[in-house]
Amino acid sequence: MRHHFNYYLFFLIVFLVAFSFLFLFCLSSPASLQRFGNTNYYLIHQLLYGLLPGVILGLAAYKISLSFLKKWAPVLLILNLIVLSLVFLPGIGLKFWGASRWISIGNFTIQPSEFLKITAILYLSAWIASKLSEGKSSGWKSNAKKGYHNLIYVFVPFTVFLGVISAILILQPDLSTLGIIALTLVAMYFSVKTPLWHMLLMVIAGFGSLLFLIKFESYRLDRWLIFLNPESDPLGKGFQLRQSLISLGSGGLFGKGLGMSTQKFGYLPQAMSDSIFAIVGEELGIIGGVILISLFLLFFWLGIKIAKSSKDRFPKLTAIGITFWITLQAFINISSAAGIFPLAGIPLPFFSYGGSHLVAELIGVGLLLNISKNT
């Protein structure tokens with residue numbers, strides 16, 4: 001049965017996106033004027049390479065048949081992985097700060113890992129739905145007789161799938177994006193009554209891998225040490241976190257007012273992207289920050305409600321994945337700015353400057369609205 005899409009979710013996203021562009025204009029004007037002699041450069045760039053393609057592709061995601069998506073999910077994933085591998089090719093891939101995460105096409109760049117969040121969710125949703133249809137059940141068979149079957153035909157394929165994604169993102173390296181994708185996929189995997197011993201194995205493997213990756217690159221350990229003691233190197237490795245906390249603290253209860261930030265004048269690194277929530281706190285205060293957090297909680301509630309309303313496994317799992325991804329990313333970004341989680345270098349959904357993540361998020365919202373109209 002077809003229904004109207006979820007208007008509450010639609011207007012929530014419209015508000016978040018509209019306010020984010022107003023906020024980005026106020027925030028980016030000084031840097032835009034200094035670098036390009038035009039106060040609107042970053043705003044126009046975000047409109048042309050973020051919002052415009054995001055709305056077009058989000059509308060396509062809203063209109064597309066869910067059964068078609070389920071059928072072609074493996075192909076979309078493979079194509080995304082092929083494009084993702086292009087970041088390592090000289091002349092095509094771009095390298096910044098030691099990381100190869102971008103592809104240059106003409107006058108603009110694309111970060112393929114942002115779209116991997118969607119294609120991985122679609123593929124896993126289709127795979128789990130197919131596996132559960134074979135068993136005609138709401139979860140993996142967990143009795144002793146089926147334990148071996150679960151290990152060989154469920155757990156191993158899932159870990160191989162996660163391993164392939166992990167390998168590519170580790171090579172870039174992009175552990176922050178990997179963390180978002182891995183946690184989202186694991187949440188989807190355990191949303192279908194998965195046996196607890198699967199979780200135990202994943203926790204052991206995940207913790208071991210994290211320790212290895214921290215040991216392999218010293219800067220990852222530095223991030224944790226700075227997180228635990230930001231004053232140990234306030235003018236060096238702890239500078240961004242320290243300035244972020246200054247921004248949040250100086251806003252007080254009601255903030256300095258929209259556009260009145262002083263930290264945006266070159267004091268706070270990555271003010272338009274990773275640390276944008278700190279500027280929100282400075283200009284809008286604790287009240288504004290709490291309201292923004294509440295809006296992301298509302299998004300989570302609406303997304304889970306859409307998932308629960310869906311009777312088919314594929315759209316239900318897709319809705320769970322998209323909702324968990326965007327909400328998790330938002331709260332990791334906010335927690336990093338507030339100093340209660342190590343700096344992760346991930347954008348705040350719908351707010352941070354950058355076209356690729358905004359396009360991916362609007363596609364995700366389009367899919368959520370698509371699912372809501374078919375529940």
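**Figure 1. Lining of the second largest cavity.** Lys117, Ile121, Ile180, Ile181, Thr184, Leu185 and Trp325 line the second largest cavity of this predicted model. On a 1 Å grid over the protein atoms alone, a cavity is a set of points where a 1.4 Å probe fits but cannot get out, whereas a pocket is an open set with protein on both sides within 12 Å along at least five of seven lines; a lining residue has an atom within 4 Å of a point. The volume of the second largest cavity is about 30 Å³, a volume being the space filled by probe spheres set on the points, which are joined across faces, edges and corners. Helices H4 (112-135) and H6 (175-189) each supply at least two residues of this lining, and H6 gives the most, with four residues. Helices (H or I, at least four residues) are DSSP runs, numbered from the N terminus. By class, the lining has five nonpolar, one polar and one charged residues; Ala, Val, Leu, Ile, Met, Phe, Trp, Tyr, Cys and Pro count as nonpolar, Asp, Glu, Lys and Arg as charged, and the others, Gly among them, as polar. Residues are numbered from 1 along each chain as its sequence is written. Local features in the predicted model need pLDDT of at least 70 and side-chain atom pairs count only at pLDDT 80 or more, while totals for chains, interfaces and linings use all residues; side-chain values use heavy atoms, with hydrogens and water left out.

**Figure 2. Lining of the largest cavity.** Two cavities of 30 Å³ or more are counted, and the largest has a volume of about 60 Å³. Its lining consists of Gln240, Asp274, Ser275, Asn333, Ser336, Ala337, Leu343, Ala344, Gly345 and Ile346. Helix H11 (residues 313-337) makes the largest contribution to this lining, with three residues. The lining residues comprise four nonpolar, five polar and one charged.

**Figure 3. Packing of helix H1 against helix H10.** H1 (residues 7-36) and H10 (residues 276-309) pack at an angle of about 160°, with their axes 11 Å apart. Axes are lines fitted to C-alpha atoms, for helices over the stretch in contact, and angles run from 0 to 180 degrees between N-to-C directions. The two helices are therefore roughly antiparallel to each other, a term for angles over 145 degrees. H1 passes H10 in a left-handed crossing, in which the near helix is turned anticlockwise from the far one by less than a right angle. Residues of H1 in the contact (heavy atoms within 4.5 Å) include Tyr8, Phe15, Phe19 and Leu27, and those of H10 include Ile276, Glu283, Phe299 and Ile306. The contact residues divide into 19 nonpolar, no polar and one charged.

**Figure 4. Packing of helix H1 against helix H12.** The axes of H1 and H12 come within 10 Å and cross at roughly 165°. That makes H1 roughly antiparallel to H12, and H1 passes H12 in a left-handed crossing. Leu9, Phe10, Ile13, Val17 and Phe21 of H1 meet Leu358, Leu362, Val365, Leu368 and Leu369 of H12. This contact has 10 nonpolar, no polar and no charged residues.

**Figure 5. The second largest pocket.** This pocket has a volume of about 360 Å³. Among its 15 lining residues, Phe10, Val14, Val55, Leu362 and Leu369 are the closest to its centre. H1, H2 (41-63) and H12 (355-373) each supply at least two residues of the lining, and the largest share, six residues, comes from H2. The lining divides into 12 nonpolar, three polar and no charged residues.

How values were computed:
Parallel < 35°, antiparallel > 145°, perpendicular 65-115°, else oblique.
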